[in-house]
Structures are given as C-alpha cells and as structure tokens.
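Here are my notes for a first reading. Please keep the model open beside them.

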Amino acid sequence: TSLFYQPLVTAGVVDVVLQCSKLLGGQANVQLLCATVLCRLVQSSQSGRVKVQSPSPLHKELFVSAMSIVRVLLTKFVEKADAVELACGIVVDLVNEQHDIKSLFAEMVSEKGLLVDLTRALEKNRSNTGAIQKGFAVFEKVLSVGAAEKRSTVAFGGGIALVLSAMKANPGELTIAEMGCELLLTMTPDQDAAILVAANAGKSILTTALDKHSSNAKIRESCNDLVSRLRGLDEQAGLHEKVLRGVLAGTIQLCIAMIDEARSTNTALVVPRLHQLVKQLCKNSDLVVSSDGKCWDKLDVSSNSSRKNRLTDGDQRSYWESSGSSGSHWIRLHMRKGVLVKKLTMHVNPTDSSYMPHRVIVQGGTLGNCVDINEVMIPSSAKSAILLENAKKHYSVIVVRIKRCHQGGIDTRVRSLECEGPVATYWPLFREIFTAHTLLYYRIQTKTWAANSRGEISALNVFDKFSAAVQYEQTFADHFLPSQESRLVLGSACRAAL
C-alpha cells in the first residue's frame with residue numbers, strides 16, 4: 001500500500017533489489033521476486049496520484065528498473081514457460097492508465113527492443129497457453145499506447161506471425177482464439193497487413209478456429225471478418241514471399257561482397273551491424289530437424305476437403321474422414337522446396353475399428369508422376385505409424401494412399417499427419433554462397449602465389465601467405481561466426497582451396 005512506499009524508498013529498497021537481481025541473476029525465481037517488488041512500488045507510488053504529463057525521476061527509475069529485470073526474464077530464461085508467463089503478467093500490471101507510465105512503455109516498445117524480446121520468448125513457448133494468454137495481453141497493452149505506427153510495429157515486427165503460430169499450436173483453446181482474433185483485427189486495418197496474414201497461412205488457421213469454436217458468436221464474427229479481408233489476396237501473398245526472397249538474396253550478396261573486399265585488402269571488417277547480419281544468416285545452422293508443421297506448403301485430400309484442416313490442428317480427438325469406395329482414399333502433401341523428410345508420421349485411433357487404416361502405400365515424385373516408395377501395415381492396436389523415414393532425396397509431392405482398412409471397412413479416418421524435416425532458415429542459402437566465394441577466392445590466390453614463387457626464398461614466402469590467410473579466417477570466424485557448424489563450413493572451404 002502507499003503507506004509503506006515512502007519509508008521503503010527512503011531506506012534504499014530500490015538499490016537493494018537491483019543488487020539482488022545483479023548478484024543472483026542466474027536464478028529465475030529471484031529475478032521474478034525482484035521485478036514483482038519493483039512493480040508493487042510503482043503501483044504504490046500511483047495510489048492516490050492524479051494523472052501527470054511528466055513522470056517524476058524516481059517514478060521513472062522504478063518503472064525502468066522493473067522493466068529491465070523483465071527483459072532479463074524474457075531473454076535469459078526464455079526456455080522457462082512459467083518465467084515468461086509471470087514476466088508478461090508483471091508488464092500487464094505495470095502498464096496502467098496513468099499517462100506517465102504509458103508514455104514510458106511506448107518509448108521502450110519503439111526504441112528499446114522490448115517487442116523483439118517478447119516475440120522471441122512467446123514463439124519459444126507458443127504451446128504454453130498461460131504464457132501465450134499473458135503475452136497476448138501485453139500485445140493489447142502495446143496496441144493501446146499508440147496509433148497506426150504501433151499497429152505497424154507489432155504487425156510487421158513478428159506480431160502477426162506469432163499470433164497465427166500460437167493459434168495453430170493451441171487450436172482448442174477458446175481464450176487464445178478470442179484474443180488472437182481480436183489482435184489480428186486490430187493489426188490488419190489495411191491490405192499490407194492482411195497480405196502478411198495470408199502469407200502466414202492465416203486463412204487455414206482461421207478456418208480451423210471457426211471450425212473448433214463455431215458456437216462462439218464473437219469468434220464466428222471475428223473469423224468471418226478476417227477471412228473476408230483475406231479474400232483475393234493469395235496472389236499478393238505469393239508476390240510478398242518472392243519479394244522477401246529477392247531482398248534476402250541481395251542482402252546475402254552484399255554481405256559476401258564486403259567479406260571478399262576485406263579479404264583482398266587483408267583488413268578487418270568494421271561495417272556497422274555486419275556481425276548482427278552474419279549472426280542472423282547463420283542462425284539455427286546447428287539445428288537439424290523440426291516438427292513444426294512447416295514442411296509442406298499445401299495439403300490435399302481425396303474427399304471431404306472441408307475437414308482436411310483436422311489433419312494438422314494438433315487435436316487427436318478430431319479426424320479427417322474420407323468418403324468414397326474402398327482403397328480410393330488419399331492425402332497429398334505439396335512439400336516445401338528442398339525439404340528432405342526426416343520422419344513422416346500418421347496418427348490413428350484403435351477405437352475407429354473398421355475406419356482405421358490397415359495397409360498404406362506412400363508415393364513420392366512430382367504432381368502426376370509419383371512412384372511407390374514405401375508400404376506400411378498398421379496393427380489394429382497402434383496409435384501411430386511411421387510412413388517414411390530418412391528420405392534420401394527431395395520429393396516435391398508425397399501421396400499417402402489408404403488401400404485397405406481394418407475389418408474390411410470402406411471409408412477411413414486419420415487423426416493427424418506430422419512431418420519432421422530441415423528447419424527453414426537462411427543458413428542453407430548463405431552456406432552455399434559463402435562456401436563458393438571462399439573456394440573461388442583462395443583458389444585464385446593459390447594460383448597467384450604459385451606463379452610468383454621462383455626459387456627457395458620465394459617458395460618460403462608462400463608458407464607465410466598461407467599462415468596469414470589461415471590466421472585472417474580464424475579471426476573472422478571468432479568475431480562473426482556464431483556456431484560450430486558455420487566455423488566448420490568455413491574451415492572446410494579454406495582447406496579445400498589452400
């Protein structure tokens with residue numbers, strides 16, 4: 001209460017709390033307690049105060065200190081869903097209706113990178129309903145402290161992608177569906193933002209939400225409104241992706257050009273923020289597979305296409321049911337370019353009895369030209385079956401054909417399909433170009449060194465050049481390459497050329 005606010009502040013409680021946070025920074029529970037204490041002090045200082053245009057220095061210090069600890073929780077303890085949830089809860093409590101607090105918060109969102117930290121933390125915990133609900137509440141606060149520029153900051157700063165990803169990961173959660181739809185409505189006032197929703201498979205995710213919560217009038221109205229905004233935007237969404245790829249390719253070429261120029265002059269790279277760009281291009285280079293449902297672009301079925309979303313909604317209680325003659329049922333996956341299937345799994349349910357798949361043929365190839373690559377017999381007691389594992393080549397189309405059901409059943413039921421494959425990152429493209437340029441540069445250099453080495457003294461100079469090149473690349477790797485995998489790629493290219 002406000003009764004204890006002044007004695008605590010006079011006694012130096014703020015310094016004590018910040019010292020605790022600093023000295024015991026590796027303990028999430030300590031950081032949470034420290035942030036909570038500062039949050040209570042902010043709230044106590046507001047008790048009985050009228051709205052002011054300019055915050056007092058002490059009031060600003062309390063808020064900034066509390067938010068700095070929240071940032072630590074969102075970055076250092078990103079893997080702890082409970083810490084992320086509580087950190088978001090503290091932000092919601094901190095940002096009240098007082099003008100001074102809202103203006104400080106708006107400044108942090110715009111300039112201090114809070115939104116980036118929040119989005120990354122929530123993306124890591126998108127399957128945790130508590131963390132997502134609190135995170136969505138923070139987004140609501142962010143959107144409430146500004147006008148159009150804040151909507152744009154959130155939408156194009158990862159907000160739209162996160163909301164859709166969380167809705168997809170929690171299809172049966174009513175609160176997440178409600179909050180997600182409201183956020184999307186707020187973030188998509190114009191066509192540019194709507195195209196971003198379409199480019200992130202928004203129509204499919206909204207259709208699933210509508211299917212799951214059709215009895216909820218609020219969700220029904222929101223989903224219908226959003227779907228109407230997406231109507232006719234498929235072509236623009238495809239163009240949006242092509243433009244992004246073009247920008248990415250140009251950015252990589254520019255980065256490589258800077259690296260080549262520094263090599264040729266044997267000077268250190270001092271381009272502002274270049275190390276951040278290289279770090280992003282090498283991000284997830286050590287990550288091999290992911291079961292995040294992004295291995296294919298499109299999914300088709302032989303019948304009842306209105307229910308095909310149930311194959312990817314993550315809810316094992318729902319299912320796609322075919323309609324047709326025995327042995328004619330299929331599911332077709334249009335795979336993303338370059339994806340090598342690590343594992344393709346079909347989930348079934350023994351209680352489906354005569355609807356349960358028994359004999360399954362897996363085909364791979366291109367549209368209209370697929371060949372058999374595997375056959376699977378599914379026992380009547382199984383809950384899942386691996387249809388394809390460790391594929392040696394990329395198939396642009398994979399077709400799952402249910403040729404026979406248990407007990408002589410005609411139609412079939414499939415609960416879901418899951419695919420694991422390479423994570424979609426910038427790394428494969430950057431690795432290819434980076435390796436090619438490194439090989440080319442040093443092959444030209446070695447030919448020049450060899451041509452100029454006549455006599456014993458000159459031959460010894462080659463070893464000096466060799467040593468200097470290796471040392472230069474080692475320094476570059478130490479400063480710019482963030483992972484063991486990216487360093488090995490550079491090392492292999494240098495060895496091959498030198």
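1. First, a term for helix pairs. Angles under 35 degrees count as roughly parallel, over 145 as roughly antiparallel, 65 to 115 as roughly perpendicular and the rest as oblique. Axes are lines fitted to C-alpha atoms, for helices over the stretch in contact, and angles run from 0 to 180 degrees between N-to-C directions.

2. On the source: this is a predicted model, in which local features need pLDDT of at least 70, side-chain atom pairs count only at pLDDT 80 or more, and totals for chains, interfaces and linings use all residues. Residues are numbered from 1 along each chain as its sequence is written, and side-chain values use heavy atoms, with hydrogens and water left out.

3. The overall inventory. The chain holds 18 helices and eleven strands. These are DSSP runs numbered from the N terminus (helices H or I, at least four residues; strands E, at least two). Of the 498 residues, 43% are buried; buried means under 20% relative accessible area, exposed over 50%, partly exposed in between, with a 1.4 Å probe and protein chains only.

4. The axes of helix 10 (residues 174-187) and helix 13 (residues 217-230) come within 10 Å and cross at roughly 40 degrees. The two helices are therefore oblique to each other. Helix 10 contributes Leu174, Ala177, Glu178, Cys181, Glu182, Leu184 and Leu185 to the contact, and helix 13 contributes Lys218, Ile219, Ser222, Cys223, Asp225, Leu226 and Arg229. Contact means heavy atoms within 4.5 Å.

5. Now the cores. A nonpolar core is a set of buried Ala, Val, Leu, Ile, Met, Phe, Trp, Tyr and Cys residues joined through side-chain atoms within 4.5 Å. The largest has 77 residues; Leu74, Phe105, Phe136, Phe139, Met167, Leu184 and Leu206 have the most contacts inside it. Helix 3 (residues 28-46) gives the most to this core, with nine residues. A second, separate core has 32 residues, among them Leu311, Val339, Met346 and Val362.

6. Which residues does Met167 touch, not counting residues up to four places away in sequence? They are Ile176, Ala177, Gly180, Cys181, Leu184, Ile205, Leu206 and Ala209.

7. Finally, a loop residue. Lys383 sits between strand 7 (369-377) and strand 8 (384-389). Its relative accessibility is 63%, so Lys383 counts as exposed. Leaving aside neighbours within four places in sequence, Lys383 is in contact with Met346, His347, Val348 and Pro350.
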